[in-house]
Amino acid sequence: MIGSLNSVRTLLLAIFVLMAGSGFLSTLIAIRLEQAGQGALLIGLVATSYFGGLTLGALRVSPLIARVGHIRAFAAFVSFYSASSLTYAIIDAPMLWVVLRFADGFAMSGVFVCLESWLNRVAKPDNRSAILAAYMIALYAGQAVGQFLLNLGDNSPALPFMASAVLLSLSVLPVVLTKIQQPVLEEVAPFSLKRLYEASPLGVVGTLSNGVMLGAFYALGAVFVQRMGLPLSQIALFTSCVITGGVVLQYPLGRLSDRFDRRRVIIACMFVTTALCGALAFVQEPLAIFAVGALFGGFSFALYPLCIAHSNDHLDESERVGASSGLVLVYSVGAAGGPMLGSVGMATLGPPGLFGAIGVVALGGALFGLWRMAVSQPVPEADQQDFQSLPRTTPMAAVLEDEGEGPA
């Protein structure tokens, strides 16, 4: 495995450093807005703007990258993101932050397309799974480690933003100095939503629901913990626990779905997530919050790759990447709506309202899954494709799935 990763080590280093510098910004911005006395609705609007930019970027960045090349595009996207992170420290204007977060989301979409299409060029049939696994580890490890940069703000409020800008700038170096040849970017045309829903209703609804749930969490999870009275260091630990739990449980739950009707596993994850949301709305002890948060991450993060796999069970091999493109857009739309739903819940019920809103969405997804099981037959176990953990980034990640034999 190590030998197969040597060819992409510069790209893996770039994504780790970049996520360490950018992954905590949503948490940091939410905390700063909360400390400034802004309401949950405005905090939700800022987060919604980021996911809106991410959604538009998924549709528009490919022609730009194809025109100027991966290295120049990557450097441009990251340079803007670095400048943006410093602007938050210089100008305290929430409405400007709404605009900046939209641009940040667009830039991050471009970054993901650059790196994932590049990894696709290098990957071979015998090392695709290893490269995808390493990419996910680098991405989520960087995001989890970066949360602890929040602690830099104890003595100097501007320091976390400065640290973000430094790390983002440094992430450009492995890319601009790499010897890996730039790929030719192929346009991925998404399926229509109608075609996707006809192929897999639960895949579409589950992906949309998961987008709403995690969009709300990323936007307001830190605000929830802060309003529970925990210090900044424990806010960082809570967010890191959720991300780590999300990585650890994906594979075991995925392998379980390979052995049984995958719908049952998706529904079970939805119900467990609902119960965990109920627990998070009422627990008070920090250790309990961290433990339940890790489990929440484990079951909720697993839903996206489970829904992708379930959709692929109903599609031909040639349709997989197009379907993934459509589901990425479905997830992004859900994530854009999640912060506003969560903010309404918090404005109405206080801190427990965030996980109350997330729990209602998870329960709705579970009930929809039960209805689908009642009206449709399961995919035969022999026809199910093997589960593969996937990041919630771009359809380019789907190409990194193991290209062995497709479903029988």
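**Entry 1. R101 and D104**

I started with a salt bridge: R101 pairs with D104, and their closest N and O atoms are 3.0 Å apart. The model I am reading is predicted. Both residues sit in helix 6, which covers residues 94-122, and because they are three residues apart they are separated by about one helical turn. I noted the general rule as well: an α-helix has 3.6 residues a turn, so residues three or four places apart point the same way.

Next I looked up accessibility. Is R101 buried or exposed? R101 has a relative accessible area of 4%, so I list R101 as buried. D104 comes out at 0% and is buried too.

**Entry 2. The chain as a whole**

I stepped back to the totals. I find 16 helices and zero strands in the chain. The chain has 408 residues, and buried ones make up 61% of them. For salt bridges the count is six.

**Entry 3. D313 and R262**

I took another of these pairs. D313 and R262 form a salt bridge with an N to O distance of 3.0 Å. Which parts of the chain does the pair link? D313 is in the loop between helix 14 and helix 15 (320-349), while R262 is in helix 12 (residues 262-280); the two are 51 residues apart. I have both D313 and R262 down as buried. I then followed the shared partners, and the salt bridges join R255, D258, R262 and D313 into one network.

How many residues of helix 14 are buried? Ten of the ten are, so I describe helix 14 as largely enclosed by the rest of the structure. Among them are P305, L306, I308, A309 and N312.

I then looked at what helix 14 packs against. Helix 10 (residues 201-227) and helix 14 (residues 303-312) have axes 8 Å apart, at an angle of about 165°. An angle over 145 degrees counts as roughly antiparallel, so I put helix 10 down as roughly antiparallel to helix 14. I recorded the crossing of helix 10 and helix 14 as left-handed.

I listed the residues in contact. Helix 10 contributes L202, G203, G206, T207, N210 and M213, and helix 14 contributes L303, Y304, C307, H310 and S311. By class, the residues of this contact split into five nonpolar and six polar, with no charged ones.

**Entry 4. Helix 3 against helix 10**

Helix 10 also packs with helix 3 (residues 25-35), at an angle of about 50° and with the axes 8 Å apart. I therefore call helix 3 and helix 10 oblique to each other. The crossing of helix 3 with helix 10 is right-handed.

Which residues make the contact? On helix 3 I find S26, T27, A30, I31, E34 and Q35; on helix 10 I find Y218, A219, A222, V223, Q226 and R227. The contact of helix 3 with helix 10 divides into six nonpolar, four polar and two charged residues.

I followed up E34 and R227, whose side chains form a salt bridge at 2.9 Å, N to O. E34 belongs to helix 3 and R227 to helix 10, so the pair ties together parts that are 193 residues apart in sequence. E34 has 18% relative accessibility and counts as buried, with the cut-off set at under 20%. R227 is at 32% and is partly exposed.

Q143 is buried at 8% relative accessibility. Leaving out residues up to four places away in sequence, I find Q143 touching M19, A20, G23, Y218 and I243. Y218 is already in my list for helix 10 in its contact with helix 3.

Y140 is also in helix 7, and at 4% relative accessibility Y140 counts as buried. What does Y140 touch beyond residues up to four places away in sequence? I find I243, V247, F301, P391 and R392. I also checked Y140 against F16: they are 124 residues apart in sequence, and their C-alpha atoms are 7.9 Å apart in space.

Terms used
Residues are numbered from 1 along each chain as its sequence is written. This is a predicted model: local features need pLDDT of at least 70, side-chain atom pairs count only at pLDDT 80 or more; totals for chains, interfaces and linings use all residues. Side-chain values use heavy atoms; hydrogens and water are left out. Axes are lines fitted to C-alpha atoms, for helices over the stretch in contact, and angles run from 0 to 180 degrees between N-to-C directions. Helices (H or I, at least four residues) and strands (E, at least two) are DSSP runs, numbered from the N terminus. Angles under 35 degrees count as roughly parallel, over 145 as roughly antiparallel, 65 to 115 as roughly perpendicular and the rest as oblique. A crossing is left-handed if the near helix is turned anticlockwise from the far one by less than a right angle, and right-handed if clockwise. Contact means heavy atoms within 4.5 Å. Ala, Val, Leu, Ile, Met, Phe, Trp, Tyr, Cys and Pro count as nonpolar, Asp, Glu, Lys and Arg as charged, and the others, Gly among them, as polar. A salt bridge is a side-chain nitrogen of Lys or Arg within 4 Å of a carboxyl oxygen of Asp or Glu. Buried means under 20% relative accessible area, exposed over 50%, partly exposed in between (1.4 Å probe, protein chains only).
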